[in-house]
Amino acid sequence: MSVRYLSCGDTAFTVEFGNEISPQINGQVMALHAAIGAAKAAGKLEGVVETVPTMRSLMVTYDPIATSRTDLQPRIDALIAGGLKAGPKSRRVTIPCCYDDPEFAPDLEEVAKRTKKMPEQVIAGHLASPFQVYVLGFMPGLAYIAGLEQDLYLPRRSQPRVRVPRSSVGIAMNMTTIYPFESPGGWHLIGRTPLWMFDQRREQPVFLAPGDSLSFQRVDRRTYDRIAREVEAGRLDWSSLVKT
Amino acid sequence: MTGALKVVRAGLFDTVQDLGRIGFMALGMPTAGAMDRVGLALANALVGNAAGTAGLEIGVMGPDLLVEADNVRVALVGPLSPALIEEPDAPPKPLDSDRTHLLKRGQVLRVGMVEGSSTAYLAIAGGWALPAFMGSLSTYARAGIGGFEGRKLAAGDVLPLKLEQAPPGDELRLGAPFDYGSGPIRIVWGPQDDYFSARGRKTFVESDYRVSKEADRMGIRFEGPTIEHSKGADIISDGIGPGAIQVPGAGLPIVLLGDRQTVGGYSKIATVASADLPRLGRLLPGQTVRFTAVTVEEAETLRRDQEARLKRAIAELAIARPPGGIDLARLYEENLIDGIVYEAAG
């Protein structure tokens, strides 16, 4: 396997596995992310600060006082040459999502029209998609979750919304996302989860992690309201949503 | 009751910052942290704090702070206009930067304007009694986290101190102002220099770029000649390191700093050498810079040299002359040099 090393100054470099979005390439990224994490935990790779996985590359940040690019790059090469095992077993996360309220799903009708489906078929497609978290970024806790059923692919909205409510579930291209904060956004909104993707009261404030397998579970408005109250009060048992 | 500093008048953009929230970029969490880590390190060293202790980053104009503690030792590092100390029934007195001062209950520290730089630092002996979030006190205002309630300071805020009384000890000063370097800002090509034409890269390192008004903790947008792409401005998003210089389609460079996003989809022509990031963190709108290329190895060496100089500056902190008093250390130095026999003068 050949990778490219791209310089990011004297405190980081990017290991680029390819220039396309594919599960194979992302799998290698996640495997190197895990391998470096394990080596660091074992006290090796002194001077490595952290790693940032994206769809097709891994940025490695380092402390130039403690190590150097010349010292580090061969060690990363050796990890790759040693064969990257598939990363740790990915978590399987279930996200409750309410599609029924027009306030939650303002774009459902339009998505249905543009993909020549009934709204129920759009929902069924979203529920059946084998999603995986590829990368987090743009804002804390915002996950790019790929794997949307192909016949639901649409470009982003030509007019982004100025205000997308927190926990809105959107689709665009081959991906879905969940807004961790109220923010501007250009994705097609087809539902809302009662979960908060970022909750600074929790010990792990960010719920999703790169590599997570993810599926949505349809809930009605009453169930949504009940879970939303538990989240608000900090009483939700988040572990019930995760299988390892 | 614990001691505190109360904001009686807010500055422009004052935030609690340490060296950043490290280790969570994979979760989309920006590192934030001091724009000028050298300034923060010197301020901390003066008051006897560990290097990574959170201080107050003063953005352009500082607050007025009322001392609500028996006493507190502070140091301001950075060019101020100068700061003033006020107490009831007395005219305000100037308060020198780059040294410590022992402030007493009821005094008001008027930090005032930062001059010739966008940032200055206030360190407090013992630090703030504020909760860390994800291991750091750095404020990241866009998500409302860290620091004091996740935001810049506002009038009425009460910042709790770890210490009710300053530890005993001499007041200290910097031996000399720290040399941040001058001349062009050093950059390393990449990660996507191959997305630019040879002409575009030449334009970038051979032109003056002016800091626009769009300059904040996230980054600095520069104005100047446009940089020509050869493979376009868009990439599949990848990680954004500190000092990354992205060039969107319009061709003007944006240097990304502490509050930058963790990943992004614009091609990045180059990255600022880490030794020059503190200079970037001090730039003001209207100032002009040039960029010049160095290798990764050269940039690493620049950074190690800077760390060595910083260590020396900290080792050479001197006892500050009390107002109107005698600086004994300096007196002895001068005796050694010019050979005056002091007894004879008495």
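A: Happy to. In the contact between the chains, 40 residues of chain A touch 37 residues of chain B, where contact means C-beta atoms, placed from the backbone, within 7 Å. This is a predicted model, in which local features need pLDDT of at least 70 and side-chain atom pairs count only at pLDDT 80 or more, while totals for chains, interfaces and linings use all residues. Residues are numbered from 1 along each chain as its sequence is written, and chains are lettered from A and ligands numbered from 1 in the order in which they are written.

On the chain A side, the elements giving two or more residues are β1 (4-7), β2 (12-16), β3 (48-53), β4 (57-62), α2 (69-81) and β6 (131-136); helices (H or I, at least four residues) and strands (E, at least two) are DSSP runs, numbered from the N terminus. The most, 5 residues, comes from β3(A). By class, this side of chain A has 22 nonpolar, 14 polar and 4 charged residues. Here Ala, Val, Leu, Ile, Met, Phe, Trp, Tyr, Cys and Pro count as nonpolar, Asp, Glu, Lys and Arg as charged, and the others, Gly among them, as polar.

The largest one has 150 residues, and Val60(A), Ala43(B) and Val74(B) have the most contacts inside it. Such a core is a set of buried Ala, Val, Leu, Ile, Met, Phe, Trp, Tyr and Cys residues joined through C-beta atoms within 7 Å; buried means 20 or more other C-beta atoms within 10 Å, exposed 12 or fewer, and partly exposed in between. In soluble globular proteins, nonpolar side chains tend to be buried together. Helix α1 (residues 37-47) of chain B gives the largest share of this core, 8 residues. Leaving aside neighbours within four places in sequence, Val74(B) has contacts that include Val47(B), Leu103(B), Leu122(B) and Ile124(B).

An automatic or database assignment gives domain 1 (4-173) and domain 2 (185-305).

Back in chain A, Ala35(A) sits in helix α1 (residues 23-41). Ala35(A) counts as buried because 21 C-beta neighbours lie inside 10 Å. Beyond four places in sequence, Ala35(A) is in contact with Leu79(A) and Leu84(A).

Finally, strand β10 (residues 175-178) of chain A has Thr176(A) and Ile178(A) on a covered face, with Met175(A) and Thr177(A) on the uncovered one. Strand β10(A) pairs in the antiparallel sense with β7 (residues 143-146) of chain A over 2 bridges and with β9 (residues 168-172) of chain A over 4 bridges, pairing being at least two DSSP bridges between two strands.

Note on methods
Two residues are in contact if their C-beta atoms, placed from the backbone, lie within 7 Å.
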